[in-house]
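Take a look at the fold below. The text after it works from the whole chain down to single residues.

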Amino acid sequence: MNSFIIPPQKENGLYIGCFICNMIEENCYILWDDSREATIIDCGAYGEEEQAEITRFIRKEELDVKHLYCTHGHFDHVFGNEFLYTTYGIQPEMHHAEEDTYRSAAEMMRLFMHRDYHLSLPEPQKFFNGGDILQVGGHHTLHVIETPGHTPGGVCLYCEEESILFSGDSLFRYSIGRTDLPGGNLKNLTESLQKKVLTLPTETRVFPGHGESTSIGDERTGNPCL
């Protein structure tokens with residue numbers, strides 16, 4: 001499993017650890033600041049080796065894992081939810097409209113992968129809505145931006161203090177999420193991205209659910225899908 005750390009850009013800033021997980025190369029993010037309180041976004045760690053690497057990292061950095069936020073409920077983004085629950089006692093938090101997608105993750109996995117993988121999912125701890133503010137670390141927050149279209153309850157999570165956006169599978173570098181899966185809607189996705197995401201500050205760094213990072217400025221001028 002590939003991994004890398006993005007250091008904070010300012011004093012008391014936010015560290016970002018990225019772990020590239022499973023057969024679909026999903027980006028699992030761990031966020032923390034000098035409080036050592038950690039938040040995980042989209043844990044796709046499927047295999048024991050991936051899970052062990054994340055555990056070692058959390059132990060090495062002496063992090064206290066407080067939250068697991070899901071940008072959406074597709075199987076490649078929730079493979080590690082049970083591992084996090086049994087190891088750290090945290091349950092996933094997601095948009096209320098994403099509950100059906102989350103609960104049907106195993107079915108979606110069979111449809112997409114044409115085979116069965118073991119997938120056990122803990123119950124969600126809570127549901128959030130667009131406009132809600134989520135805690136991350138001891139000094140930061142994430143604003144929930146509804147971006148339905150890849151899935152009905154897909155969201156982006158925006159840290160205004162650090163000018164950082166976690167875009168899940170809604171927005172990629174010069175691309176957007178696929179909308180041909182159950183619950184997908186191209187019109188909803190493009191409209192939500194144009195009206196709610198591309199209007200963020202130009203310098204905002206974007207960390208997607210797959211692939212390399214980008215910026216709002218680059219996507220505003222160069223994304224052919226938008």
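Predicted model: local features only at pLDDT ≥ 70, side-chain atom pairs only at ≥ 80, totals over all residues.

Residues are numbered from 1 along each chain as its sequence is written, and side-chain values use heavy atoms, with hydrogens and water left out.

Start with the whole protein chain. Seven helices and 15 strands make it up; helices (H or I, at least four residues) and strands (E, at least two) are DSSP runs, numbered from the N terminus. The C-alpha trace spans about 45 × 40 × 30 Å along its principal axes. Is the chain compact or extended? A compact globule of 226 residues would have a radius of gyration near 17 Å, and the chain has 16 Å, which agrees. That radius is taken over C-alpha atoms, and the globule rule is 2.2 Å times the number of residues to the power 0.38.

Now look inside. Of the 226 residues, 53% are buried. Buried means under 20% relative accessible area, exposed over 50%, and partly exposed in between (1.4 Å probe, protein chains only). Contact means heavy atoms within 4.5 Å. Among contacts between residues at least 6 apart in sequence, 60% join residues at least 24 apart.

Charge comes next. The chain carries 17 positive and 35 negative side chains. Lys and Arg count as positive and Asp and Glu as negative; His and the chain ends are not counted. The centres of the two sets lie 2 Å apart, with each charge placed at NZ of Lys, CZ of Arg, CG of Asp or CD of Glu.

Zoom in on helix α1, residues 48–60. Its 13 residues should span 18 Å at 1.5 Å a residue, and its end C-alpha atoms are 18 Å apart, which agrees. The expected span is 1.5 Å times one less than the number of residues. Buried residues in α1 are E50, Q51, E53, I54, T55, F57 and I58.

E61 sits in the loop between α1 and β5 (64–69). At 19% relative accessibility, E61 counts as buried. Leaving aside neighbours within four places in sequence, E61 is in contact with W32 and R36. E62 also follows α1, and its phi is positive, near 55°.

Two further loops hold positive phi values. S163, between β10 (155–159) and β11 (164–168), has phi near 55°. Y174 lies between β12 (171–172) and β13 (175–176). Phi of Y174 is near 55°, in a residue other than glycine. At 35% relative accessibility, Y174 counts as partly exposed.
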